[in-house]
Amino acid sequence: MTAASVHKFATIAVVGRPNVGKSTLLNALIGYKLCITASKPQTTRHRLLGVLTRPDAQLAFLDTPGMHRGQTRALNRALNRTAKAAADEADLNVWVLDALRHTEEDEAVGALLKQQNKPVVIALNKVDRIADKTHLLPLLAELQQRYMPVAIVPLSALKNKGVDNLRDRLIELAPHGEAQFEEDEITDRSEKFLAAERVREQVVRLLRDELPFSTTVEIENFKREGNLLRLGVIIWVEREGQKAIVIGKGGAQLKTIGMQARQSLEGLFACKVHLETWVRVRENWSDDERALQRFGLDQI
């Protein structure tokens, strides 16, 4: 086999603390909006596979929940388990750091990655917010000395700047291997899963800060009729008072969630969508192992 014909394959976990830009970065890396995004921590709750296929390489990215500390609910424990399992499984890890802020949770992620003895690439995100890039030099030197990554790539995931450099570096680092997914395969998740995530994205974006952590979304009906997709969706909350907030005065909030979710779903599935939404209460579901099992949140 000649050097030009060598094919590469790698599984790459995108890890970091909550709300640092992991999902936005994965979307930019594969060139497709697969992961939902919001400016609130713990938007990502699942390990989500996103596949990038090129003639010479295939990269299987794993989006992960943010690794966090200080919360003891069953849901939080499950999210941390999911993130750690993905990092364990990967051939190499992309550690996303905020160029403007370093926290104790970042330190905890760094300590975990050191234990794994796997190649780590630091994606230093949000550098577009730093006008004088020379201010980055001391930070780059400190990160290199403390964590010994195989590369540090400054970038802006949101503005898609520097992402090409990261993608190229990851292909260089990937081991030789055959493609594991079909050329047109982007993820291994079902359409029902992706639909639920698009609805939950609007719930997270539109509701006040604390409420999204107490909500989850379940697809009750999913039926295609020609160019029409009929969806029945349940938004679960933990208390009656939360149900009233999600519905809003005269049903206005729920109507807005449904309208924006429908627009997103029509873009995703390239068809008309008829969406019905209901809000139901399951007391303290986020600290109930059986509820997490029902909603698929216990899966690593």
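How many bridges join S1 to strand S4 (residues 92-98)? I found four, and the two strands run parallel. I took strands (E, at least two residues) and helices (H or I, at least four) as DSSP runs, numbered from the N terminus. I counted two strands as paired if DSSP finds at least two bridges between them.

I noted that this is a predicted model, in which local features need pLDDT of at least 70, side-chain atom pairs count only at pLDDT 80 or more, and totals for chains, interfaces and linings use all residues. Residues are numbered from 1 along each chain as its sequence is written, and side-chain values use heavy atoms, with hydrogens and water left out.

Strand S1. I then looked up strand S3 (residues 57-63), which is parallel to S1 and joined to it by seven bridges. Val-14 stands opposite Asp-63 in S3 and opposite Val-94 in S4.

I next checked burial (under 20% relative accessible area, 1.4 Å probe, protein chains only). Eight of the eight residues of S1 (residues 8-15) are buried, so the strand is largely enclosed by the rest of the structure. Lys-8, Ala-10, Ile-12 and Val-14 point one way, while Phe-9, Thr-11, Ala-13 and Val-15 point the other way.

Glu-201. I located Glu-201 in helix H6 (residues 191-206). Glu-201 counts as buried because its relative accessibility is 0%. Leaving aside residues up to four places away in sequence, I listed its contacts (heavy atoms within 4.5 Å) as Lys-33, Ile-36, Thr-37 and Ser-264. The Glu-201 side chain reaches the backbone nitrogen of Thr-37 at 3.0 Å. Pro-212 is eleven residues from Glu-201 in sequence, and their C-alpha atoms are 9.4 Å apart.

How values were computed: Buried means under 20% relative accessible area, exposed over 50%, partly exposed in between (1.4 Å probe, protein chains only). A polar contact is a pair of N or O atoms within 3.5 Å; within protein, one must be able to donate a hydrogen and the other to accept it, and residues adjacent in sequence count only if both atoms are side-chain atoms.
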